[in-house]
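Hi everyone, thanks for coming. Let me put the structure up on the screen, and then we'll walk through it together.

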Amino acid sequence: MRPTFLTRLVNGELFDPIVYIRILNQRQALMLDCGRFFDLSNHELMLVEHLFISHAHMDHFMGFDQVLRVILHRQTPLNVYGPPEIRRQVLAKLGAYTWNLTREYALEIRIHEVAPGCITTTVARASDGFAPSWTGVRERSGEELVKTLWYTVEAVELDHKTPCLGFVVKEAFHINIRGDKLGPLGYASGPWLGMLKAAIKSGRTMDIPVRTMQGTRLIDSEQLARELVIVSPGQKITYLTDIRYCEANLERLTPLAKDTDVLFIETFYPDEMREEAHRKGHLTARQAGEIARELGAKRVQAMHISPRYHDRREVVLDELKQLISAPK
Ligand SMILES: [Zn+2]
Ligand SMILES: [Zn+2]
């Protein structure tokens with residue numbers, strides 16, 4: 001089965017945590033955090049429609065300029081989500097440059113400031129030199145930030161001695177097309193398969209122009225679903241970084257991230273640095289392992305190891321491994 005989300009921890013375990021998620025068969029991608037990076041191509045950055053910033057410490061936000069520079073000529077907007085203050089912080093970055101040559105550019109930055117219960121959106125356009133031109137507030141149902149046919153993204157506000165968002169990217173259900181059935185039924189693969197998936201995802205019934213051996217034929221999507229489709233549970237990906245290990249954080253994140261398929265989680269220090277971790281609002285590897293067990297995470301990816309342990313990363317990684325592989 002091909003998953004819908006192709007995930008990549010761009011900087012590996014040691015450096016600024018960034019997760020890039022390509023949405024399969026769609027020309028789009030999501031980016032979780034945006035510190036310093038070298039290993040994302042211009043093509044990959046051009047696909048980013050939604051950029052999620054957990055908090056604006058430099059190691060999570062300084063790459064914003066790199067993204068902006070690549071997408072400046074783009075027609076489609078960039079949505080940026082972050083905790084309270086993100087509006088001021090993005091506008092401050094945009095305000096740091098001279099924009100006298102961008103009057104003809106179509107790029108629009110939509111800044112979404114996420115607070116419990118509501119999202120405040122500000123629009124800044126290249127054609128106006130990125131002066132903020134529109135602001136609106138919408139109520140937020142539950143933890144949801146973005147909902148499309150293919151995925152939803154939810155966020156919960158956690159404590160890092162400053163508000164820090166944890167993110168969950170989910171696919172409601174997964175559609176597998178039975179390729180082995182196409183030939184025997186006289187069908188040939190083509191863009192109509194994407195239309196069929198979209199119809200099923202949206203819960204609508206419609207006639208699909210199917211490529212067959214005898215030319216194009218309109219066939220009802222329900223019939224095609226019965227013939228070709230296997231539905232399975234969707235993927236769930238959780239991203240947690242820069243959070244304090246405390247009851248309040250655990251209570252807030254657990255309902256959202258329970259039963260996650262892939263957990264990206266910071267392992268900033270080994271447990272011998274527990275007090276320092278608490279003071280700085282970070283997790284130790286042992287605490288990350290405890291969270292992973294609590295969430296029932298099927299796969300755990302360590303990230304954001306403190307520079308102090310870069311030459312001894314096994315200390316941190318072994319601690320995490322021991323905890324998640326221990327019997328419950
Ligand atoms: Zn950090
Ligand atoms: Zn931080």
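Here is something to start us off: which residues in H6 are buried? They are Trp192, Leu193, Leu196, Lys197 and Ala199. Seen down the axis of H6, these buried residues fall within an arc of 160°, so they line one face of the helix. The arc is that of the directions from the helix axis to the C-beta atoms.

Before going on, a word on what we are looking at. This is a predicted model, in which local features need pLDDT of at least 70 and side-chain atom pairs count only at pLDDT 80 or more, while totals for chains, interfaces and linings use all residues. Residues are numbered from 1 along each chain as its sequence is written, and chains are lettered from A and ligands numbered from 1 in the order in which they are written.

I'll also need some terms. A residue is buried if 20 or more other C-beta atoms lie within 10 Å of its own, exposed if 12 or fewer, and partly exposed in between, with C-beta atoms placed from the backbone. Two residues are in contact if their C-beta atoms, placed from the backbone, lie within 7 Å. Helices (H or I, at least four residues) and strands (E, at least two) are DSSP runs, numbered from the N terminus.

Now the whole chain. It has eleven helices and 18 strands, and 38% of its 328 residues count as buried. The C-alpha trace spans about 70 × 60 × 35 Å along its principal axes. Among contacts between residues at least 6 apart in sequence, 61% join residues at least 24 apart.

Back to our helix. What covers the buried residues of H6? The cover includes E12, E13 and H7.

An α-helix has 3.6 residues a turn, so residues three or four places apart point the same way.

How do H6 and H7 meet? Their axes come within 10 Å and cross at roughly 105°. That makes H6 roughly perpendicular to H7, a label for angles of 65 to 115 degrees. The axes are lines fitted to C-alpha atoms over the stretch in contact, and angles run from 0 to 180 degrees between N-to-C directions. Leu196, Ala199 and Ile200 in H6 meet Ser221, Leu224 and Ala225 in H7. The residues of this contact divide into five nonpolar, one polar and no charged. For that count, Ala, Val, Leu, Ile, Met, Phe, Trp, Tyr, Cys and Pro are nonpolar, Asp, Glu, Lys and Arg are charged, and the others, Gly among them, are polar.

One last stop: where does Val262 sit? Val262 is in strand E17, residues 262-266, and is partly exposed, with 19 other C-beta atoms within 10 Å. Leaving aside neighbours within four places in sequence, Val262 is in contact with Thr7, Ile237, Arg299 and Gln301.

Note on methods
Angles under 35 degrees count as roughly parallel, over 145 as roughly antiparallel, 65 to 115 as roughly perpendicular and the rest as oblique.
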